[in-house]
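Please open the model in your viewer and keep the selection panel at hand.

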Amino acid sequence: PREFGGLVLDWQDRAAASSYDVQFSDDRKQWRTVRSVRDSDGGRDWLDLPESETRHLRLALHAGPGDRYCLKHLQIKDLAWGATPNAFILALAKDAPRGNYPRGFVEQPYWTVVGIDGGPTPALLSEDGALQPGKNSFSIEPFLRVDGRLITWADAQPIQTLRDGYLPIPSVEWRSGNIQLRVTAFATGTRERSQVVVLYTLRNDGDTAQAVDLALAIRPFQVNPPAQFLNTAGGVAPIHDLALDGSNVLVDGKASVVALSKPERFIATTFDAGSIVDRLRDFKSLPPQAREADQAVHDSRGYASGALIYHFDLPARGSSEIALIAPLTGAPQIPDVAQSGSGWVEQQLQATATGWHQRLDRMTLKLPASAQRIADTVRTALAHILITRDGPALRPGTRSYARSWIRDGAMIADGLLRLGDSDAVREYVDWYAPHQFANGKVPCCVDHRGSDPVPENDSHGELIHLIAQLYRYGGDRAELERNWPHVAAAIGYMDSLRRSERSDANSGERQANFGLMPASISHEGYSAKPMHSYWDDFWALTGYKDAVDMARV
């Protein structure tokens, strides 16, 4: 018996099996099917078989495009190759042409958030123009076909910009010869019902007309890359069922993308039937009108993919655009038939930009013109803080770090207060403080499961500092009196912690620990063994000082 992680099969041209089973046996008498392939396109077949072990292996061949089979080569891959979906796709991306898979599977990618203030899960837009509308969700990745050649992110050298230099309305621009593609994403709606709108604008800067195809691929990959793994893993996001129903793209039976303009074609494919990128490269394999069979697929492995395909005959110096909508929370808002799709999108875009200007322009930075980028960066950071928060909960991130730590929250709140946004900080204090334990202990973090009981002894001083800063900037005495019981309880708990360290155990060589905060795991490096941390004592002293200042009010 041997352990392995998968197989790679290379078929002879025109002699492949399109339908076959992979079977295992320990005695060559009893066989069990572990993988079925029903729509192979020939060439090379990649078969991930996680944690497989067998003594005998056979291929039971059932059908093919021809009347004979010829297998040129078979590779047996090690356990790591097929251990996880991410490991499998990483291996495929390594051997594929650059651009066949998202950048995150071949190198370090960058992305930005697209959402509304306080929405639970904003979308992510990659530096290459791919959009991930939800947490652990598929992405929509653009491709161009110009002069018979498929253009991917690897061919286009994308350029990233923000509307008006700092609004959280990002755009990514591609260029291929005289053809320019601009992808712009923005979010609209309320916390209960919000959506992301993606506008794709094609422009011909040449002096002659140009035929261009734009393919918007629905792929089982996140913008959040596989290198992100804490709590919420990035990388593969399984799609088992994919179909087009009118103007709705259904992902696993749910209306997940709405096309405001009907595509010329929609194609969908299973993993075994071949890569969607290869299908897009070879338009000769596509029928003039997409067959019904191409418009709905089921992939038991979760690697289904598809593409909305739009054709444009762009006149010289001309342009055209289409838009997609993807819900973030609740049902998407769709323009009625009487409204022009592009007119509705432009109206929504203008309203979103105006709303962000009103929120971000309250703060003025007097800087020389050469330092405008600093002012722009500060305003963008403020927008990202508001987009990243979940309702009142300030968070350091929206995927792997989609929790609210009081450490991060206190410092984020300080930035908000300095930029004149006390309302967001007040909401945060009113939400976080009640999660304090009955003995005065302040939880290190809070999420949908409630207060985290892990001891991190910087937390208590941070909550006190947060409440003190809110009073210093807001000046609301009644609010301070309402929050004072939380301050008093945290001081009492810190006093009890310090008393636990005022013992004979902290004498001699350990005298430096006498009366300090006890050992805790307030640093990731201390998770295996709690340690005394200067960080804890810094925040404890800050909390004591701030409490004294508030007591004098």
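Is Arg-281 buried, partly exposed or exposed? The model in view is a predicted one, and in it Arg-281 counts as partly exposed, because its relative accessibility is 32%.

Next, select Glu-479 and Arg-426. These residues form a salt bridge whose closest N and O atoms are 2.5 Å apart. Glu-479 lies in helix H9 (residues 477-500) and Arg-426 in helix H7 (residues 422-432), so the pair ties together parts that are 53 residues apart in sequence. Glu-479 is buried, with a relative accessible area of 2%, whereas Arg-426, at 22% relative accessibility, counts as partly exposed.

Now select Asp-546 and Arg-472. Their side chains meet in a salt bridge of 2.7 Å, N to O. This pair links distant parts of the chain, 74 residues apart, with Asp-546 in helix H10 (residues 534-551) and Arg-472 in helix H8 (residues 459-474). Asp-546 counts as buried at 3% relative accessibility, while Arg-472 is partly exposed at 38%.

A further selection shows a network: Asp-117, Arg-359, Arg-362, Arg-389, Asp-421 and Glu-427 are joined by salt bridges that share partners. In the whole structure, a search finds 34 salt bridges.

Move to the loop between strand E16 (210-219) and strand E17 (241-245), where Val-236 is found. Its relative accessibility is 12%, and Val-236 therefore counts as buried. Display the surrounding side chains: leaving aside neighbours within four places in sequence, Val-236 is in contact with Pro-85, Asn-86, Ile-89, Phe-105, Pro-220, Phe-221, Gln-222 and Tyr-303. A distance label from Val-236 to Asn-136 gives 8.2 Å, C-alpha to C-alpha, for two residues 100 apart in sequence.

Which element supplies the largest share of the nonpolar patch? Strand E6 (residues 71-77) does, with three residues. Leu-74 has its place in this strand E6, and Leu-74 counts as partly exposed because its relative accessibility is 33%.

Finally, select everything. The chain has 10 helices and 26 strands, and its C-alpha trace spans about 90 × 70 × 40 Å along the principal axes. Of its 553 residues, 52% are buried. Among contacts between residues at least 6 apart in sequence, 67% join residues at least 24 apart. The chain exposes about 25,300 Å², of which carbon and sulfur atoms supply 50%. Colouring by charge brings up 59 positive and 68 negative charges, whose mean positions are 2 Å apart.

How values were computed:
Residues are numbered from 1 along each chain as its sequence is written. This is a predicted model: local features need pLDDT of at least 70, side-chain atom pairs count only at pLDDT 80 or more; totals for chains, interfaces and linings use all residues. Side-chain values use heavy atoms; hydrogens and water are left out. Helices (H or I, at least four residues) and strands (E, at least two) are DSSP runs, numbered from the N terminus. Buried means under 20% relative accessible area, exposed over 50%, partly exposed in between (1.4 Å probe, protein chains only). Contact means heavy atoms within 4.5 Å. Accessible areas come from the Shrake-Rupley method with a 1.4 Å probe; for residues, only the protein chains shown count as cover. Lys and Arg count as positive and Asp and Glu as negative; His and the chain ends are not counted. The place of a charge is taken as NZ of Lys, CZ of Arg, CG of Asp or CD of Glu. A salt bridge is a side-chain nitrogen of Lys or Arg within 4 Å of a carboxyl oxygen of Asp or Glu.
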